[in-house]
Every structure is written in structure tokens, then in C-alpha cells.
Amino acid sequence: MESHTFDVIIMGGGPGGYVTAIRSSQLGFKTCLVEKQHLGGICLNWGCIPTKAILRSAEILGYMNSAANFGLKADNISFELDKIIERSRGISQRLNDGVEYLLKKNKVTVVKGHAKLNGPKAVEVVPNETNNVTEILKAEHIIVATGARPRILPGIEPDGKCVWSYFEALRPDIMPRSLLVIGSGAIGIEFASFYSMLGSKVTVVEILPQILPAEDAEIAECARKQFESNGISIMSESKITALKETKNSVTVTIENSKKKLSEITVDRVIVAVGVVGNIEEIGLETTRVKSENGSIVIDSFGRTDEPGVYAIGDVAGPPWLAHKAEHEGVLCIENIAGRSTTPIDKKKIPGCTYCHPQVASVGMTEKAAKESGYKTRIGRFPYVGNGKAIALGETDGLVKTVFNAETGELLGAHMVGTEVTELIQGFTIAIGLETTEQDLIHTIFPHPTLSEMMHESVLDAYNRAIHN
Amino acid sequence: MPIQILMPALSPTMTEGTLVKWLKAEGDMIESGDAICEIETDKATMEVEAADEGVLGKILVAEGTDNVAVNHTIAILLEEGEDPIEIKNFTIPAAPISETKEEVSTIETLPIPHKTEQIAQKMLAKPSHESKRIFASPLAKRIAEQNGIDINSVVGSGPNGRIVKRDIEMTVSAGINSASPQVKIGDTVALTPTVPTFSKNDPVFENMPAFKAISNTAIRKIIATRLTDSARNIPHFNITIEADLEGLLSVRLDLNSTENTENRISINDLIIKAVAVALKRHPNCNAAYTDEAILQFERVDISIAVAIKGGLITPIIKDAGSKGLATISSEVKDLVTKARSGTLAPEEFQGGTFTISNLGMFGVKSFNSIINAPQGGILSVGAGEERAVVHNGKVLVRNIISLTMAVDHRCIDGASAAIFMKEVKSIIETPVQLML
């Protein structure tokens, strides 16, 4: 058995782990990253990136189908699913190589294999399909970044045949003519959008009254109307009571809010009911690290109950977002290096869903703000009032802002419509820097852009919108 | 030609500062934007970023140097391809005057627009604290204004010491610092003496010798307000006991004579542990008074008073009652280092259920402290020293320590405090109890 010593070992090469490794090396630490499968983790290989690739194909197909609206002619429009998937896998591979290059450039030692803590100052690399050598790695600081995996509910376990998790949904064996999606969070809704845009008859089942449950109710309702007008049928306040699989289809029994049962037979089912942290088989029991509800317990700098062992990203709890993992990792390593850092305020982390239409938000929803006791001022501006949106032919959507009426603090911003995922950073900066309505009102937004709606929404909250 | 790195002006009125720490060593590659050193002013500690790139050739001002004048050369940067020998041939020109400033490469700091400089100049006539540039978010400024809070007296916890909403809200909720207390008609207004505003011409200073006025830093103002409030509002009483230290000294000797050379346990660590264990056994002393109820905390979080430049701060050993000595010892070291370098996170010094202050290292026999509100008690630890004690009619020489607890009488009565102090004494004198 070989043994090597480092300053810092990072367990897991997802977006949190690899970014932390690069920063660690930049700070002068001798750094080792252990990854059991793919550099870039779920995000780059099975999540954020490949789904954006397939959604882009669906989006362009949508444009081609509406070519006539733009004075264009296109006949015999069709698609090849395997080519769409091939492109998506290729993009993951390309970025995967990119991460490998970045780690090498930053002199991070990458070890392939399954990492397990072996007491607080050592990591044992257990052989797996990527590596057959057992190694002991030692370091003063060990950062656990093992990520998360799809949550499994009893009775609706994905089996990889007709009942899919996101892994199979990104490598489909057939183009399902009909599809049932269980769960209307970001993952469920993105797949529902994609397959629906390719022509699948899609049904979404959500246990709560609201789809996209984390989003502002008004925005979710606006998105729901558009999904339904695009042909997706949505059953909220409903749950799956039985699931019967035959050779090439699944019959699902659904109970609605009035306890009425209905049956639906579909080609494929996608289960997207959240994720749980990968806390098993990583040797936590050899340390004093504590876990709670499937996540490692940390303080605001990623420190666990075991000095020298840290956790960041999905394994350290919600929100399960790549950008939260990256930021948490950088804070953790900078704190280890004794740099002055400011803890994450989880209320200021933006979230994006890349369905059609897109949804993006940061901060408190209107309901959350009211429940927290704030007197609010709400601003709204619809896409239909924006020149650029009309020119793009994308007139469905809404930009909503929530202010504290007493202090002018921007408590939250919520958007649905074309390209809102690229707009939300503006409000994120505003909230991060603690601007008030005055600073936003005095900012000049460029014309003609979709971003003017952000300005108008703020103006509307103070009863001075121009184009409303 | 090598580039001079100059002491930057972090605010329009800054004339000198302390070079706290070098973040790069001689010979390190420096890229534009890299943080190269930390500079402290009376307001904040800030990282200084390099404007140029090259190799850090020579450090001219050592870490920890105070009163480094603005525009003084603090280091030399070698550009790509330059030989270190250049440094020897390089003579430092006299501190550049402002007209030539642009020709000399300086460390880039926050740009100060010309107009602000003019305003700052005008404001110099006013009391000094108002002329300093305050780094605060627009929201923090507005909430401070709405609550009549003097933003100059608030310590920022945001990036680079920026004052953010959280800091103002904490000041508001602590109920301190209100510049214009709201008094309703009919209220009885207590005639508390107010702190005089400093003015050189004040008759109070007329017959006094010449003096140097040292402006109050933000931390000084907080200490002044919080301790004045505590002394005025909390009915303090003090209880002193003497404890025989021989047992604790021998435990310490045993602990430190093992292979554990890296993490040596101090008497202070042992006292923290003893007090935490005693508080666990007597939760009525791990308490805070409020108008509605006495709060008894379920966990013992010990604040330890640490002297820092220009003041003091009380970082916290959380759950000290359940932690082992090695953990307590290493956490104390870590927290003290962070406290002195100004890198404590807010949660590392806000909170705490009981405070320990130790002046034993200065040879102080015993002393009283002012309670760190809203906590219910604070323990003052004096020096362990050989004293003559009478035992069974004989005079013996023993190591004795004096411990004084200041108590908030609103939540802890005399007998309760006495029983608690007896427990502390018992644990110190028979430290084997710490193994329980």
C-alpha cells in the first residue's frame, strides 16, 4: 500500500470539489483531489450542463416550428434523438477534459478511486472500476465534497428500464411517446419541457398545490399556464399510489387532492423527487463528523465537528446548487488559509430553472416576506410591455420585485420568461451589495434590452413605472 | 527598472497605518490583483492588491510595523527578466510629491475621485471621525439613519470591514448607540451624566497639561457604550474565592510530559474546563436576565477576553462543558490568533453564555470585571502564586489563585453564586473530577 502526504485532500471532483482544489493550490497548499468516476461530477456529466445541451436542441426545434411567425420558411422539420444525445454527451466530455486540464495546470494531484476517511487526518482510496490500487493519503485538512444522488421513494424506485432517474433521462433508449414526470422541482420540470417540446405527451405529478414549489406563487402560476398551453398536463396536490411496469410501458395510479384515483399508462416515467447527500461509505464513522437528515452538519465555514475535516456542497445540505457548492468550497479553503472571509447568506443564492419558459429568482418570495413580518412593496412588469421582448417574439413572462416598504431593501426578485436565467445576476448583485430602491431607480439600463423590465419592475414597486 | 510598492492611502485622510502581515514572501511571483499584504488603519484591516506583476524582490517594511507613512516605499517589485542584483543598484527616491504620483507605480487601492477629496478637505474642519470615509452599504446607511445610529461607531462585518445591514440591526437590537433616544412626554427622564464631546477649548481641560488627542476607534466606542450600559444597568456584586492550585499544576505537568508536545495545556485551559463543568452542574449561573424571564442556556459557551490592538474582544469556546482539554486548548490558540489578526467570523465572537478574563500573567492578584451583557456572570482570574497558608496550625507554602466572579443580581442571587464558586474551587482543587 502506498502512502502520500498533502496539505489538503478533497474527496469528490464535482463543481464544489474541483473549484476548491484549484483555489487551494492557488493559495499555496499541496493539494490532492480524489474522484471516483468523472471530473466535474453530476453537474458537468449528468446535470446542469448536459441538460442545457438537450434543452438547446429543443429550443431551436421550437424556433424552427414557428419559423413562419418570423417570415421564414422551413419544411419537413424533424429531429434525431440520438444525435441530440450525442451532442449533449460530447459537450460533457469536452468540459470534462477541460476540468482535467485546469487541475493539471494548477498542479493539483488527481487520484482516481473511491475515497473514504480513515480517521480525521487520512483518506483511504479504495479500488473501484477506475483504479485498482489501494492508497493511503494523509493531510492536515480534508474536505468532503461527495455530492448528492437522486432521492428514492419506496414504491417508485427508478429501475433504469421504464422508470428513469436523470441518468436514464439523459441517455434515453427510445423517444417516449408518453411520459410521466414525478416531481415538479427544477429537474422534473426541465425534463418535462424537453420531452414535451420534442412531441412527447407529458404529464407532471406534484404533491404540493404549487409547481416549482421553491418559487414565488405568482411566477409559478404564470409558468404553469404556459406549460399547460404548450401541452403539458399538470396534476398538482396529487400523489402516486401504485406503479405497475410491463415490458415497455408503465401504468401509474394517481390520487388527486379529492382522494379520487385515476390511472394512466405511459411509455416511460421520470422520478425527480429531490436529492440526498452521499454520506454513506465515506468513512464518516471513523471521525467525529455529525450528519443530520442525510447531510453533514457544518458551520458557516464548512467546519464539521471533527477539527481538520470539512464538508461543502450538496453533501453539506441545501440548496443543492453547483454555484453554492463552489462558493462554499472557496470560503472553506480561504478560511483554512487564514484569509478574511464573509460567510454565505443562503438567502442571497440565486436559482435558475431552464424550462420553457425559464424561471429565475433570488431572495424571498412575496409570501415568505409577508410571513417574516415585512411590510412589502411589490413591483411587476410583464414581458408584453417590453420592446425587445416583442421583437424577439417572446411576450409571455413577468418580472416581479419584492421590497421592504420600510427600508427600501430589495428582499427578492422573481422572473419567468425568455433568458431570465441570464438576467437574475443583476438583482443578485443588487441584493448582495445591499442596494436600496434608490440605487436601482438611478441605474441606467440599456435600451432595447430585456433588462429594462427589471428597472420597470422596481419603478412599479414605487408607483412610477413608465411603460405599464 | 524595479517598481516601488508604496504604502497606500486607504481613506482620504489616512496619513499612516500599520503593516500587519505580508501575504507574499520575497521571491514570490505576483500577478496583478494578488493580495500582497494586510494594512490596518483605525477603521479596518484591508488587503492590498498589486497593480503590477513581477517578482517580490525585497520587503523593506517588516510585518507588525506601526505608523508607516502613506507613500513610504514598503517593498520592491522586479519586473519580468530583471535580475535581483538590480535591487542593490536601486535607490529609493524621496517620497514622491503628489504631482509626480502618476508616474510612479503604486499599489492600486480604491480610487478616490477628485471631488471626494475636495469634500474630504472641507470636512477636515469638523471633528475628525466625520471626515473619514465610511464603507457601508446603502441599506445599512438608510437603516442607521432611520434609527438615529451614528454609523461611525459601528464595526463592519462585511467584506473588508464594510458595514452591512446585519451590523446596524445588531446595534439596534442591542439597544445601544442611539443618538436621539425617543422620549415620550410624561416619561421620567433619568439625569445620567453624558460623555462630554471633546473640544480643545472646553474649560474642563483648561488647566491641564498639553495633551495628544487619540481619536476613538469604532471598537473603542463599542467598548465604551456596552460597558457603560452594563455598569449602569446591571446590579453587580462580586464574590472572591481562593483555590489551591497544586492539584491542577500537577495534572498539567503530567499532561504536558507525555508525547503531547505540540499542544501543551495551560492553566488557563484547565480553568476554562473547570468553570464550564461547574456551569453545567449549576445551570442557574449559566443564565441571562430579561424583563420577561430568566433564560437558562442549555449549552455552556465560554467567552474568553482577549486583548487586541486598541481594545479587546471575546471569542467563544462553544459547548466548552462537553469538550476535551486538547480541543479547548487548540481552540483557544486558534481563536486568539484569529482575534489578533482580526479574522474572527461574527459567530466566533457573538453569543457566549459566560465570560472568563485572566490577568494573572501580569501578576495581578485579584480584580473585578464588568459583566459582558446579556450574560449573567464573568470570572476574573488572578495570578497563581506561592502564598503562606495556615493548615492545622502550621504555616505551609502553597500555590494559590484568587478568582472573583461578578454576578448580575437580577438573575443570580448571592447563595447561588457562592455555591457555584464553591464548585469551581472544588474542581480546581480535585481536578480528577474533570475526567468524569
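In chain B of this predicted model, pLDDT stays under 50 over residues 93–131. Where pLDDT is low, the predicted coordinates should not be read in detail. Chain B averages a pLDDT of 79. Of its residues, 79% score at least 70.

The model scores ipTM 0.78 and pTM 0.62. At the interface, 16 residues of chain A are in contact with 16 residues of chain B. The chain A side that touches chain B comprises 9 polar, 4 nonpolar and 3 charged residues.

The largest nonpolar core has 130 residues. Those with the most contacts inside this core include A:Ile9, A:Met11, A:Ile143 and A:Val144. A:Val181, A:Val269 and A:Ile270 also belong to that group. Helix α6 of chain A, residues 186–197, supplies the largest share of the core, 8 residues. Residues up to four places away in sequence aside, A:Ile270 touches A:Trp164, A:Ala169, A:Leu179, A:Val181, A:Ile182, A:Gly188 and A:Phe191. Another core lies apart from the largest one and has 49 residues. Among them are B:Ala243, B:Ile316, B:Ala339 and B:Phe354. In soluble globular proteins, nonpolar side chains tend to be buried together.

Note on methods. Residues numbered from 1 in each chain as written. Chains lettered and ligands numbered in written order. Predicted model: local features only at pLDDT ≥ 70, side-chain atom pairs only at ≥ 80, totals over all residues. pLDDT = per-residue confidence, 0-100. Contact = placed C-beta atoms within 7 Å. Nonpolar A, V, L, I, M, F, W, Y, C, P; charged D, E, K, R; others polar. Core = buried A, V, L, I, M, F, W, Y, C linked by C-beta atoms within 7 Å. Buried ≥ 20, exposed ≤ 12 C-beta atoms within 10 Å, placed from the backbone. Helix = DSSP H or I, 4+ residues; strand = E, 2+ residues; numbered from the N terminus.
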